[in-house]
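User: I have a model open and would like to go through its geometry with you, a piece at a time. Could you take my questions as they come?

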Amino acid sequence: MATTTRTRYDNAAELRRALGGIPLDRICLDPPPGTATERNLLAKHGRPFKLYELVDGTLVEKAMGSLEAFLAIELSHIIRTFLDRSDLGFLYGADALIRLMPRVVRGPDVSFVSWRQRPERTVPMEPISDLVPDFVVEILSQRNTKKEIQRKIAEYFEAGVRLAWVIDPRTKTATVYHSPTAKTAFAEADTLDGGTVLPGFELKLATLFEKLAKPESKRKPRKK
């Protein structure tokens, strides 16, 4: 599935649809959509306290809150502990910038790069990495849209990603992708594995979610 590379639109509605129907306040207007470069991305990324991606020449704020950040760190710790035993590669966090294709730079919440891509076993020093991850994880925010995630998944596999997980903390479920169209849904009681990308790695979804607070029940006011 090829992604769109159109950068000129007749109106904001067309641009918003192309970006997956995301909220308008996540679309940066400075520089104007379609004209942003990687230099613009680096100048804005992390300032002030926001992460951004470059999508067909438009800077887009990455949807992320405290819940998503917590789960990304928890999952990174679990995978990193596995890699201490099986040194297969290295991890990037959500603030990493990865060039998937010209004018498209993404920042998955968690990503793994195999040492097969980096036989010298060192991590590149460039601010935007050219190493397309073997495995990526997106943790859904309430400000993500279904079409936005579908576009991201398509871009990841088009660039060379081999395995992708989309984790929904609110339903405590996960969807595992082996291609943009080959996917499997998993419930909280299920166990995910790393397949041929992270052989031997397993994750019980319940373990990832066990520290999450239960939603507070809304009590009806007492009648006087």
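User: To start, where does F49 lie?

Analyst: F49 lies in the loop between α2 and β1, where helices (H or I, at least four residues) and strands (E, at least two) are DSSP runs numbered from the N terminus. Before going further, note that this is a predicted model, in which local features need pLDDT of at least 70 and side-chain atom pairs count only at pLDDT 80 or more, while totals for chains, interfaces and linings use all residues. Residues are numbered from 1 along each chain as its sequence is written, and side-chain values use heavy atoms, with hydrogens and water left out.

User: And is F49 buried or exposed?

Analyst: F49 counts as exposed because its relative accessibility is 84%; buried means under 20% relative accessible area, exposed over 50%, and partly exposed in between, with a 1.4 Å probe and protein chains only. F49 also has a positive phi of about 60° although it is not a glycine.

User: Where are the cis bonds here, then?

Analyst: A cis peptide bond runs from D30 to P31, with omega near 5°, and P31 is placed in the loop between α1 (12-18) and α2 (38-44). R47 and P48 are also joined by a cis peptide bond, with omega about -15°, and P48 sits in the loop between α2 and β1 (52-55), the loop that holds F49.

User: What is phi like at R121?

Analyst: R121, a residue other than glycine, has a positive phi near 60°. R121 is in the loop between β6 and β7, and it is partly exposed, with a relative accessible area of 47%.

User: What does the side chain of R121 meet?

Analyst: The side chain of R121 meets that of D87 in a salt bridge of 3.0 Å, N to O, the criterion being a side-chain nitrogen of Lys or Arg within 4 Å of a carboxyl oxygen of Asp or Glu. D87 lies in the loop between α3 (66-85) and β3 (89-92) and R121 in the loop between β6 (110-114) and β7 (135-139), so the pair ties together parts that are 34 residues apart in sequence. D87 is partly exposed, at 43% relative accessibility.

User: How many salt bridges are there in the whole structure?

Analyst: A search of the whole structure finds 19 salt bridges. One of them is between the side chains of K152 and E138, at 3.6 Å, N to O; K152 lies in helix α4 and E138 in strand β7, so this pair ties together parts that are 14 residues apart in sequence. K152 and E138 are both buried.

User: What else pairs up in α4?

Analyst: R151 and E155 both lie in helix α4, four residues apart, which is about one turn of the helix, and their side chains meet in a salt bridge of 2.8 Å, N to O. Both residues are buried. Through shared partners, salt bridges join E53, D56, K62, R106, D109, E138, R151, K152 and E155 into one network.

User: Which elements line the largest pocket?

Analyst: The elements giving two or more residues to the lining of the largest pocket are α4 (146-159), β8 (163-168) and β9 (173-177), and the largest share, five residues, comes from α4. Of the 19 lining residues, the closest to the pocket centre are K146, I149, Q150, Y177 and K183.

User: And what lines the largest cavity?

Analyst: The largest cavity, with a volume of about 30 Å³, is lined by L19, I22, V55, V60, R106 and E148. R106 also belongs to the salt-bridge network.

Definitions and conventions:
1 Å grid on protein atoms, 1.4 Å probe; cavity = no way out; pocket = protein on both sides within 12 Å on 5 of 7 lines; lining within 4 Å. Points joined across faces, edges and corners; volume = space filled by probe spheres on them.
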